[in-house]
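Good morning, and thank you for coming. Please look first at the structure on the screen; I shall then take you through its contacts.

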Amino acid sequence: MTEIRWHSRAGQGAVTGAKSLGDIVATTGKEVQAFALYGSAKRGAALRAYNRIDDKPIINHAKFMRPDYVLVIDPALAYTDDITLNDKESTKYIVTTHLSKEELIAGIPALQGKEDRVYVVDCVQISLDEIGRSIPNAPMLGAFVKISGMFELDYFLENMKRVLKKFPQKIIDGNMRAITRAYNEVK
Amino acid sequence: MPKEKFELNEREVWDGNYAASQAMRQAQVDVMAAYPITPSTPIVENYGSYVANGYVDGEFVMVESEHAAMSACVGASAAGGRVATATSSQGFALMVEVLYQASGMRLPIVLNVVNRALASPLNVRGDHSDMYLGRDSGWIQLDAYNAQEAYDLALCAFRIGENHSVRLPVMVHQDGFVTSHTAQNVYPLSDEEAYNFVGDFKPVDDMLDFSRPVTYGAQTEEDWHFEHKAKQHKALMDSRKVIDEVFAEFKKLSGREYKRVESYMMEDAEVAIVALGTTVETARVAAMELREKEGIKAGVVSPRVFRPFPFDLIRDALENVKAVGVMDRSSPGGAMGALFNEVSAALYTTPNRPLVSNYIYGLGGRDCSVEDLKEVFRDQKANADAGHITTPIQQFSGLRGPKLGFFETKRS
């Protein structure tokens, strides 16, 4: 079982990101679960979204999890939300930030000592450049594909095109570029 | 027939609401009268879009309240159409008066209930307060533990309720958010398979048959009311056979097996949990892990059909265990939990009379983790070893603050 927790603000697309990831993972024959925990359901409010991925049907319906991956798609939430909650010694963190990894960790005591499992990527800037709006979910998926090694990038891009098929071609192309850039830039 | 063909994959990633709405589309519901409410809104919203886009040849009736929604469903069903809707919580509460009318008039309406807490305090998340509120309403109540089951059971609901020897309305329950808003792998039937399974709607005493006028909702006082209600209760009890047949046929079609009572690892179980909804599956994880890591012979028993209550099957499933924890996800309002009472009554008629204790949990969407359920199992193991209930008979699981419990076992 692989468990993923997304930290986001309502409107940044974590729920869509979690569901898209679930959708794509399912095409590989795995079983998936994607859900979210909303606070006050307002744009900008902090929320958490979750994925479970396994080879057999997922029957644990609890919200509680000890995540294998924590994906932070809002830069400020890395500081204000409890992103290391219920973590494990192997939990990997991918954080959206314009800072270097060292600068980020220096400001977040909870990440200190976990340097080898923290990865940074500027999903906000990438989505602004490539999609024209700050929707950091798609680039975060690119970074996750790289760090988890769960898919080949090309396989993921092909399937993401299917998930996005109702959008105009311009948006699809922007998402493809954003995912690819984040895949290459995460470090 | 619908103008448009809906594209479906063999494997979809759907949440419970979407799954239920697809079943409504595939059953080609003629009339849906609805007043949307969280968390069931997408079921009726999606059906509305299927009508608007030509995927269903049906009518979406907008109304001013849930009372009106169920009233319009009663009218449409009596007129002779296949009818369904969805609701939750306060909406369900507002429907209650008309729920009794629907079952008393023997109208096979399908109601998707996305379980949610009842106010006050206002809360949109899942518990079983609304489901329990419907338990004496004369409806058949099927309980889904995940999105796949919300889809499967919705299809079965039409077949069961519309059977001419049943002719009763059917609720299909799923847990608010935990099922309704959680996407998971769902394996739908093709439109042809699903529709052929449900079959054409064959009305009985339809009011639009002007050659044979009939009355619905007549008044009966002490002369006939009792006989009508007894007959209605008998129809509900007798529906058990039809439910079994429909489940057997669904298994042939889909490979997915449903039973009126589901048992997990009960062959040699010493202790058991009885629960409803998603908690059933989470409890199965807890049982499996306890068997592997702590050597506790744990099992899980769960009503798939809450009404008619499977009194005999519950008894058969549990009579050989030593201790049972019954989980009620509804505020008991000054009594023991309803499921506890019903399970206890069934077990009182066994020679062994296992120890039964009650857990109130998960109100207003409070999380119920694998560890919480392991604790319930461990309590049962302690009870089994001691030969008596070692805790208060009613406890609260997952409650913050000081422990709350009521009643002790009488011991000489």
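Let me begin with a term: contact means heavy atoms within 4.5 Å. On that basis, the contact between chain B and chain A takes 23 residues from chain B and 22 residues from chain A. Please note that this is a predicted model, in which local features need pLDDT of at least 70 and side-chain atom pairs count only at pLDDT 80 or more, while totals for chains, interfaces and linings use all residues. Residues are numbered from 1 along each chain as its sequence is written, chains are lettered from A and ligands numbered from 1 in the order in which they are written, and side-chain values use heavy atoms, with hydrogens and water left out.

Chain B and chain A bury about 1800 Å² between them, where buried area is the accessible area (1.4 Å probe) that two parts lose on being put together, summed over both. Carbon and sulfur atoms account for 51% of that area.

One salt bridge is found across this interface, the term being a side-chain nitrogen of Lys or Arg within 4 Å of a carboxyl oxygen of Asp or Glu. It joins K19(A) to D15(B), at 3.5 Å from N to O.

Which element gives the most to the side of chain B that touches chain A? It is α9(B), with five residues. Helices (H or I, at least four residues) and strands (E, at least two) are DSSP runs, numbered from the N terminus.

I turn now to chain B itself. Its domain assignment, which is automatic or from a database, gives domain 1 (12-197 + 222-254) and domain 2 (261-406). Their contact takes 30 residues from domain 1 of chain B and 29 residues from domain 2 of chain B. The two domains bury about 2300 Å², 55% of it from carbon and sulfur atoms. Y132(B), R135(B) and Y145(B) supply 33% of the area that domain 1 of chain B buries against domain 2 of chain B, more than any other three residues. Two salt bridges are found across this interface. Separately, R329(B) forms a salt bridge with D175(B), with the closest N and O atoms 4.0 Å apart.

Finally, consider one residue, Q28(B), in the loop between α1 (16-26) and β2 (31-34) of chain B. Is Q28(B) buried or exposed? Q28(B) is buried because its relative accessible area is 14%, and buried means under 20%, exposed over 50% and partly exposed in between (1.4 Å probe, protein chains only). Not counting residues up to four places away in sequence, Q28(B) touches P2(B), Y55(B), V56(B), D57(B), R82(B) and Y195(B).
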